[in-house]
Amino acid sequence: MEGTGVVRLAGAVVLSRGFPLLSGVDLEVERGSLVVVTGPNGAGKTSLLRLLGGLDSLSAGQGVVAGIDLASPDRRQLRRRVGWLGHEGSFYADLSVRENLVFAARALERPLEDVSSAISRVGLEHRGDTITKQLSAGQRRRLGLAWLLVRRPELWLLDEPYASLDDAGRGFFDQLLSDVLAGGATVVVSAHDPLRSTGLAPRTLAMAGGRVVS
Amino acid sequence: MIRIAWLVAVKDLRIEARSRVLLWQVLPFGVISLLLAGLALGPQQAGKSSAGPGLFYLVTLFVTLLMINRSQALENAPGTRASVATLGLDPAGVFLGKALALTVELWATGLILLAGSVLVLHTALVGSVEALPSILVTLATLAAAGTLYGALTQGGDGPATLLPVLTLPAFAPLLIAGERSFNAALHGGALWEWWVIVVVALVAYGAVGILLYGVLEES
């Protein structure tokens, strides 16, 4: 595929038991950019992010993400390069905040100092030893961001990241996104509505029926 | 692979130690099942019947199925699967880690059930102790096979209720070999030929799991 973007899709189709989740998506995302994917429920936002994260496979079309061909049978190489924050929670509920992050750090052979700094960075200093299932939804979202900070992926995929965040949390999140973008990472966000932040200048895509419509 | 296996095993055991599902849910179920088996035999037959090892392994089968489901459920909580998948863990290491954790849990449960069978089913203490090594190997093999089949039924959209049906052909030879071995320890007989079956199965399931766990997870 031609192009220099960190994400390059051409006619990408994803089928689930014959049902099209994505129906021919063309997309190019430049390195270091912020893209917000909007659309109603069932538009294909999460499916697009899952495809980019190597969590679902390409049924037809072509795609390259972070230099990895989506047609490659081994998707682990791609998965290691992306960070996924789903809207459900994402962690081992019976491990503490710190234990979850240490698990990720050890799995990726990151220094354990990264765990403490990530916990501080997301404002969970006093919750490090709290069991994850005892956290509020907003705190779990912050833990998700800390998980990504420990992982340091080159492509951040954030599915409805503003869900469960209060105004302070949204402001904090926007600041974090700014820092991540300044560091050269690429961010793709799915949201029902266009990004509310005033400090960021995202490219906004609208999806409907599994296609990018504008 | 070994590093990931150790990481996953420690994580699973830590979760189990904290949630205490094994202690407060699975173990009481196993002990009650054993008590019911003892009551079914009746006081006249307990200790005299050769059904003790079979009943022990029947209860162990029930407990094993519960624990396999529990082991896989840890990975399938909403969102957890996707987040952990993006760590790109070596599937062979994940298989070994989960099988190791399940083995440790089954050993702990098996020791208590074995003590229970001595008390409730009146199986001979000396024979039960002699049977212990074969029981431990059989439980390790059940853990390896169970981890494999657990991924098959719970990975992706697989129906978890299929687990007992799917595992039956795989577990049946192991349970028969384990029971025969236990009986041989209690009442005399060829012990080692049953051992060989279990050890070969352990190696086979271990090798298949290392090679195919990633495929099953993706299926």
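Trainee: Start with chain B. What radius of gyration does chain B have, and what would a compact globule with 219 residues have?
Mentor: Chain B has 18 Å. A compact globule with 219 residues would have a radius of gyration near 17 Å, so the value agrees. The radius is taken over C-alpha atoms, and the globule rule is 2.2 Å times the number of residues to the power 0.38. Before we go on, this is a predicted model: local features need pLDDT of at least 70, side-chain atom pairs count only at pLDDT 80 or more, and totals for chains, interfaces and linings use all residues. Residues are numbered from 1 along each chain as its sequence is written, while chains are lettered from A and ligands numbered from 1 in the order in which they are written.

Trainee: What does the C-alpha trace of chain B span along its principal axes?
Mentor: About 60 × 35 × 30 Å.

Trainee: And how many helices and strands are in the secondary structure of chain B?
Mentor: Eight helices and zero strands. From the N terminus on, the elements run α-α-α-α-α-α-α-α. Helices (H or I, at least four residues) and strands (E, at least two) are DSSP runs, numbered from the N terminus.

Trainee: What percentage of chain B counts as buried?
Mentor: 49% of its 219 residues. Buried means 20 or more other C-beta atoms within 10 Å of the residue's own; exposed means 12 or fewer, partly exposed is in between, and C-beta atoms are placed from the backbone.

Trainee: What about contacts in chain B between residues at least 6 apart in sequence?
Mentor: Of those, 82% join residues at least 24 apart. A contact needs C-beta atoms, placed from the backbone, within 7 Å.

Trainee: Which elements do the buried residues of α3(A) pack against?
Mentor: α4 (113-121) and α5 (137-151) of chain A, together with α1 of chain B. Helix α3(A) covers residues 97-107, and eight of its eleven residues are buried. Among them are A:L101, A:F103 and A:A104. Just after the helix, A:E109 takes a positive phi of about 55 degrees.

Trainee: Now strands. Is β7(A) mostly covered or mostly open?
Mentor: Mostly covered: five of its five residues are buried. A:L155, A:L157 and A:D159 point one way, and A:W156 and A:L158 the other way.

Trainee: Which strands does β7(A) pair with?
Mentor: β7(A) (residues 155-159) runs parallel to β6(A) (residues 82-85), with four bridges. It also pairs with β8(A) (residues 186-191), in the parallel sense over five bridges. Pairing requires that DSSP finds at least two bridges between the strands.

Trainee: What unit do β7(A), α6(A) and β8(A) make?
Mentor: A right-handed β-α-β unit, with α6 at residues 167-182. Right-handed means that, with the strands pointing away from the viewer, the path from the first strand over the helix to the second runs clockwise.

Trainee: And what is the strand order in the open sheet of four strands?
Mentor: β2-β1-β4-β5 of chain A, with antiparallel pairing. The edge strands are β2 (19-29) and β5 (68-69), each pairing on one side only. Helix α1(A) (residues 45-52) packs on the sheet, touching β1, β2 and β4, and its direction makes about 65 degrees with that of β2(A). Axes are lines fitted to C-alpha atoms, for helices over the stretch in contact, and angles run from 0 to 180 degrees between N-to-C directions.

Trainee: Last one. Which residue takes a positive phi in the hairpin of β9(A) and β10(A)?
Mentor: A:G209, near 60 degrees. The hairpin has two residues between the strands, and A:M207 stands opposite A:V212 in β10(A).

Terms used
Two residues are in contact if their C-beta atoms, placed from the backbone, lie within 7 Å.
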